[in-house]
Amino acid sequence: MPAKNDAITLPKQELTKSLRKGQSKPERKDQRKPECKGQPEPKSQLVQAKVPHNGQSGARCPDNDVCQRARLSRDARFDGVFFVGVFSTGIYCRPVCPAPLPKEDNVRYFASAQEAAAAGLRPCLRCRPESAPGSAPWRGTATTLGRAMALIDAGALNAAIDSEPDGSAIEALAARLGVGSRYLRKLFQEQLGMSPKAYGDYRRLLLAKALLHQTQLPMSEVAFAAGFGSLRRFNEVFRDKLALTPASLRRSTALPQSQEPGCATDSSHVRTTKEVSSNTSINIGTQEACRVLTADIRLTLSFRPPYDFMALRQFFMARAINGNEWFVDAAGEPCIGKALSIGPLNGYFEASPIKGKHALMVSIYPGPELGNLSAFLSQIRRVLDLDANLGVIEAHISDAIKSLIPKARLQQSEDGGDETRAFDLRALGMQVNSLPGAGSYFEACCRAVLGQQVSLTQATSLLNALVDEVGETVTLGSRECRLFPTPAAVAGAELATLKMPGARKLALNRLGALFAGTALCELAEKAEGIIADKASSDSAEKHNGIRADGLGNSADKGTELLEPTEASLLALKGIGPWTVNYASMRGLSSPDVLLDGDLIVRQRLELCGLAEMLPVLKSRVSPWGSYLTLMLWHMDADVLKTLKSTLIK
């Protein structure tokens, strides 16, 4: 078995082709290249491979040669970038699977777990593909398909799709997206090779599989938490997709809790008011089968290296809300903990790194109802930026800055030809870190307003004063938490304890009113039609300035969120481009926000000689401008001087 390497080596021509072009579709089995025997090439002919681009719309599975060598070396940077289908056994695996390596003739590579499933393959019980970091190379965050997938991932079709076989759940999802259901089905079929319903079933299946592997929840609770409306449907999906029953899957992978770091907890933390038979509908929201969660659920969430958990923790600590966020667990170990609110749903999470693994142990309390788990998992992955491919982002930013080095800085190589001066971000003391997400878009907007023209320390003090005055302290499970204020509470607050100009207080009131949908005369004058009718998401999104991509499920438990667009926010007095861009970067986790209007960013761009090249820099660093913003915020003076000496003649 080949040893696990830190990097993959590829010939230069193959590397350039694989990184710049990608592969539109996986090759058919009879078109693959001959089996690689795994023999390394001479070092003089090799270069260190970069991880394939994994963020722009249109990119697909990496070239077969790249996938093959990533699989042979079990490179964790490719985890979730592609999946390995083994047709001799009928399963698909992660590139880091510890099982004996199959022959290349029996292997085919897929860009997503869903594509592998559509080819008739079952997930590996050993490497557990449902635990891989998220990866969606074909979608951009602004596309209809990407928004549809995000909604389904967060539970938009949970339960309702089982109780509405006539397709009304898909119709409702399409309406929220402002498209027809036929067009939505066409998008899924063309891009994923499956229907929205099949995609939703598979997402629920993967979550249920993770819960079966990592917790001791009863079967009925697993079905409920994964979003199934009945145990009958739960068992049907398992039989159809895995050729296994949930019970046999749990028995086949059962380990003592001491041997399984992802294992949580026994079933004592779930109280069930009524036993449910295998053919009984769970009827979410009714007392006949109410699930009451009194403690958290522990799950393992993976990430791709390099991922600096402590740097992310430090960022959150500098901007922390007392009682809402915490950074030391009960054992005194470093963690990131935060109370989250998704619409009317309140819960929390606590994440800690697992030593020796590229994964976090995350304790999740999604509120008293297990059915909210999907929505909270989606938010947690966003807040912690677990799906980012930081190796790709760092290489892209490095190449973008390197391309700005003047020709006068080119050095003559020994053979007389021009060769670009070596440039490495890490060698200069620069590092790309994860993009820290705020708890919600509204929270990010409030943080931005409070941070206008003040220092970080002052902004954090004002933020805590806001939460102390308007926030609410509640008990979530066994933990007492401070909730971030609701939009309605901020809209009507006097904000007397906030030591800042009255105009900025009014801006906060207007902001809360916009998010709460309050029909204020002044607000209506500033932004006509901002209050959207939930039944008309198309007109809401295009004309009324409301985003129709909120979280929640179609059981209509009040979890659907309608969020203002940038245009409606900019229409409010006291809110400008910097505020909206900052909120987009932290509240929506938009990856391409270079905050050139930020004072610190402008100063550091000037110090390192990039200010005059800003338009070109923004274009070349796209779609990862947010990560460059974070990098500039954390640059010290010595790094800036070194970078300037490299860039300026």
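## Aromatic pairs, sheets and cores in a predicted model

A search of the whole structure finds 17 aromatic pairs. Here rings of Phe, Tyr and Trp (its six-membered ring) count as a pair if their centres lie within 6.5 Å; planes under 30 degrees apart are called stacked, over 60 edge-to-face, and the rest tilted. The structure is a predicted model, in which local features need pLDDT of at least 70 and side-chain atom pairs count only at pLDDT 80 or more, while totals for chains, interfaces and linings use all residues. Residues are numbered from 1 along each chain as its sequence is written, and side-chain values use heavy atoms, with hydrogens and water left out.

| Pair | Centre to centre | Angle between planes | Kind |
|---|---|---|---|
| Phenylalanine 78 and phenylalanine 82 | 6.2 Å | 70° | edge-to-face |
| Tryptophan 624 and tyrosine 627 | 6.1 Å | 75° | edge-to-face |

Burial is judged by relative accessible area: buried means under 20%, exposed over 50%, and partly exposed in between (1.4 Å probe, protein chains only). Phenylalanine 78 counts as buried because its relative accessibility is 1%. Phenylalanine 82, at 0%, also counts as buried. Tryptophan 624 and tyrosine 627 are buried too. Elsewhere, ring pairs link Tyr441, Phe442, Phe484 and Phe515 into a cluster.

Charges also sit over rings in this model; the test is that NZ of Lys or CZ of Arg is within 6 Å of the ring centre and within 35 degrees of the ring normal. Arginine 319 lies over the face of phenylalanine 315, at 3.6 Å from the ring centre. Arginine 479 has its charged end over the ring of tryptophan 326, 4.0 Å from the centre.

**The chain and its cores**

The chain has 26 helices and 19 strands. These are DSSP runs numbered from the N terminus: helices are H or I with at least four residues, and strands are E with at least two. Of the 649 residues, 54% count as buried.

A nonpolar core is a set of buried Ala, Val, Leu, Ile, Met, Phe, Trp, Tyr and Cys residues joined through side-chain atoms within 4.5 Å. The largest such core has 90 residues, and Leu384 and Ile397 have the most contacts inside it. Helix α8 (residues 196-214) gives the most to this core, with 7 residues. Apart from it lies another core of 31 residues, among them Tyr441, Leu466, Phe484 and Leu498. In soluble globular proteins, nonpolar side chains tend to be buried together.

**Two open sheets**

Strands of a sheet pair through backbone hydrogen bonds, either parallel or antiparallel. Two strands are taken as paired if DSSP finds at least two bridges between them.

Strand β3 (residues 83-86) pairs with β5 in the antiparallel sense over 4 bridges, and valine 84 stands opposite tyrosine 109 in β5. In α2, 10 of its 10 residues are buried. Just after α2, arginine 74 takes a positive phi of about 50°.

Another open sheet has 5 strands in the order β9-β13-β12-β11-β10, with antiparallel pairing. The edge strands are β9 (297-302) and β10 (325-328), and each pairs on one side only. The twist averages 25° from one strand to the next. Strands β12 (residues 345-353) and β13 (residues 359-365) run antiparallel and are joined by 6 bridges. Phenylalanine 349 has isoleucine 364 in β13 as its bridge partner. β9 and β13 also run antiparallel, with 6 bridges, and leucine 301 stands opposite leucine 360 in β13. Because 5 of the 6 residues of β9 are buried, β9 is largely enclosed by the rest of the structure.

**Backbone details in loops**

The peptide bond from proline 305 to proline 306 is cis, with omega near 0°. Proline 306 lies in the loop between β9 and α12 (309-318). Serine 622 and proline 623 are also joined by a cis peptide bond, with omega about 10°. Proline 623 is in the loop between α24 (614-621) and α25 (625-633).

Aspartate 385 is not a glycine but has a positive phi of about 55°. This aspartate 385 is in the loop between α13 (373-383) and α14 (390-402), and it is buried, with a relative accessible area of 11%.

Key:
Axes are lines fitted to C-alpha atoms, for helices over the stretch in contact, and angles run from 0 to 180 degrees between N-to-C directions.
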